[in-house]
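This briefing concerns the structure shown below. It is arranged by topic for a reader who wishes to check each point against the coordinates.

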Amino acid sequence: MTENKLNILLAEDDLNLGFLLVEFLESSGIQVKLYRDGEIAFNGFKSGDFNFCIFDVMLPKMDGFSLAKK
Amino acid sequence: MKKTVQKYILGFTLVIVFALLATQVKWIIYSIKFQEKVFQKSVSLALNQTISNLTKNKGICSVMQQCFECDTVKLETQLTSSGVWNKIHDAINEELRSYDIDIDYDVFIVETVSDTLKSIQKEIRKGKYYSQCLNEVIGKTGYELVVRFPSRTKFFLEKTGLMFLSSVVLIFLLIASISYLLKLYRKELLIAEHTKELLNNVSHEFKTPLSSIALASNMIRKRRYSDNMKLENYADLIFNENKKLQHLVESLLHLAAIERNEFDYSKEKLNIHKIIKDGISGVEMILFEKGGKISVKFDAQQSDVFADKLHLTNIVVNLISNAIKYSKKLPIIEITTKNIDNKILIEVKDNGIGIALKYQKYIFEKYYRVPTGDIHNTKGFGIGLAYVKKVVEAHDGKVEVESELHKGTVFKIWLPLLN
């Protein structure tokens, strides 16, 4: 992780959209970490250092709202 | 409308109905009293007129005067034998009828000084007896003509009873129709809520593939790809997402068909076991992704039914998909069949999250989705089970659910066998 790059956590269960978002954001010079469900995303959030997070509302295991609250 | 407002309106309506009931009862009591007063007035007028008529008839007067000269013990015999008693009766009868009083009555003459009168006077005061002084007819004081109506109470009840009964019936009908309207209103409210939820779901389901297509095409447009491989990937993605959209539109059209009750069933001889196997192969991919297992146990000896292949396969797919969708652990699904009477029973059992008892009666309703609180992690429009029920019933079958929260659910479908 380079210091000057934005680091984002992305939680999206739709793999196609997730993959595209990652590609798009990375091509814009932003570093993205993609998680498929709420629980993994929460664990990833605890272990990582992110500038901000983007959650889908409908997520397996834990929805976006609950994840944001947590 | 908020629930509190609803409660206030309901309370207000009930208060109005009870106020109406109270007013009605008050009016009925008032009416009975009024009838009594009219009756009393009519009888006293009739008696007055009778005395006046008797006074005018000199023949009757002289006979009566003669009778009243003799012993009071023999008075009644004398009056009867001389035919006067009948004439008095006739005169009273005629007058009462002119006042529309056509009920049985007793007539007697009492001495105002005798003991018998004292008790009668009490009753007269209570309105049970009606009396008129005989002075002018017999030319001396101390005698009264008394009339009593034994069926007076019945007469009043007959007159007011019908009114009372009709009031009670009408009020009862009013309460019944209000509660029915309330039930309908609640149902409409529920449908409105479900429709809102459906719209939310639909827009979410459409947004995801649309966003993917927008993003992928944007990447291609701005040439943000490193090699042809990536380009192909984006193209595939657009193609697949487009397919997803088509599938969604089909689902919505399907939903519209359910809404309009427009289904064409082309029924033919089908083997349920084959339909189930077809259904399973349709969901194998999703099941494989989730790492679940599916087992079948076909105990039914007879498994031929007269049904629509497409719809029947759809309902099998629907039930298995639900079993996969609503499970937090690895889905283990069991499908069994058996013959009961002239029917085949198909059971789809899962180890999923289960459905709480209080929601079980609603799950076959259109757009209904079991509330999950703030958890928005299962996609769907809430039409699958409504469709299952519709199809099963169109095949003269029935569908039931047995479920325990956190343990699993069993859907039971009965279909009549082909004879």
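The structure is a predicted model. Chain A and chain B bury about 1900 Å² between them. Within the model, the largest nonpolar core has 42 residues, and a search over all chains finds 13 salt bridges.

**Contact between chain A and chain B**

- The contact draws 23 residues from chain A and 22 residues from chain B.
- Carbon and sulfur atoms give 59% of the area of about 1900 Å² that is buried between the two chains.
- On the side of chain A, the residues that lose the most area to chain B are A:L20, A:F24 and A:M58, which together make up 34% of what that side buries.
- The polar part of the contact includes 2 salt bridges across the interface, and 4 residue pairs are counted in polar contact between chain A and chain B, both residues being at pLDDT 80 or more.
- Helices α1 (15-27) and α3 (64-69) of chain A are the elements that give two or more residues to the side touching chain B.
- The largest share of that side, 8 residues, comes from α1(A).
- One salt bridge joins the side chains of A:D14 and B:K244, at 2.9 Å from N to O.
- A:D14 and B:K244 also belong, with B:E241, to a network of salt bridges.

**Nonpolar cores**

- In the largest nonpolar core, of 42 residues, the members that touch the most other members are B:L312, B:I413 and B:L415.
- Helix α10 (residues 309-325) of chain B supplies the largest share of this core, 7 residues.
- Leaving aside residues up to four places away in sequence, B:L312 touches B:L270, B:I272, B:I275, B:V305, B:A307 and B:L415.
- Another core, of 34 residues, lies apart from the largest one and has B:V43, B:A46, B:I60 and B:W85 among its members.
- As general background, nonpolar side chains tend to be buried together in soluble globular proteins.

**Pairing around strand β3 of chain B**

- Strand β3 (residues 143-148) of chain B has 5 of its 6 residues buried, and it is therefore largely enclosed by the rest of the structure.
- Strand β1 (residues 106-111) of chain B runs antiparallel to β3(B) and is joined to it by 6 bridges.

- B:T409 lies in strand β10 (residues 408-416) of chain B.
- Its relative accessible area is 4%, so B:T409 counts as buried.
- The side chain of B:T409 is joined to that of B:S403 by a polar contact of 2.9 Å.
- Not counting residues up to four places away in sequence, B:T409 touches B:V348, B:K349, B:D350, B:G354, B:I355, B:V401, B:E402 and B:S403.

**Salt bridges within chain B**

- The side chains of B:E347 and B:K412 meet in a salt bridge with an N to O distance of 3.6 Å.
- Because B:E347 is in strand β8 (residues 343-349) and B:K412 in strand β10 of chain B, this pair ties together parts that are 65 residues apart in sequence.
- Both partners are buried: B:E347 has a relative accessibility of 16%, and B:K412 has one of 15%.
- B:D278 and B:K274 form a salt bridge of 3.3 Å, N to O.
- Both of these residues belong to helix α9 (residues 272-290) of chain B, where B:D278 and B:K274 are 4 residues apart, about one turn of the helix.
- B:D278 is partly exposed at 28% relative accessibility, and B:K274 is partly exposed at 49%.
- In the salt bridge between B:K297 and B:D299, the closest N and O atoms are 3.2 Å apart.
- B:K297, at 48% relative accessible area, is partly exposed, and B:D299, at 41%, is partly exposed as well.

Notes
Residues numbered from 1 in each chain as written. Chains lettered and ligands numbered in written order. Predicted model: local features only at pLDDT ≥ 70, side-chain atom pairs only at ≥ 80, totals over all residues. Heavy atoms only, no water. Core = buried A, V, L, I, M, F, W, Y, C linked by side-chain atoms within 4.5 Å. Buried < 20%, exposed > 50% of the residue type's maximum accessible area, 1.4 Å probe, protein only. Contact = heavy atoms within 4.5 Å. Pairing = 2+ DSSP bridges. Buried area = accessible area lost by both parts, 1.4 Å probe. Salt bridge = Lys/Arg side-chain N within 4 Å of Asp/Glu carboxyl O. Polar contact = N/O pair within 3.5 Å; in protein donor to acceptor, adjacent residues only side chain to side chain.
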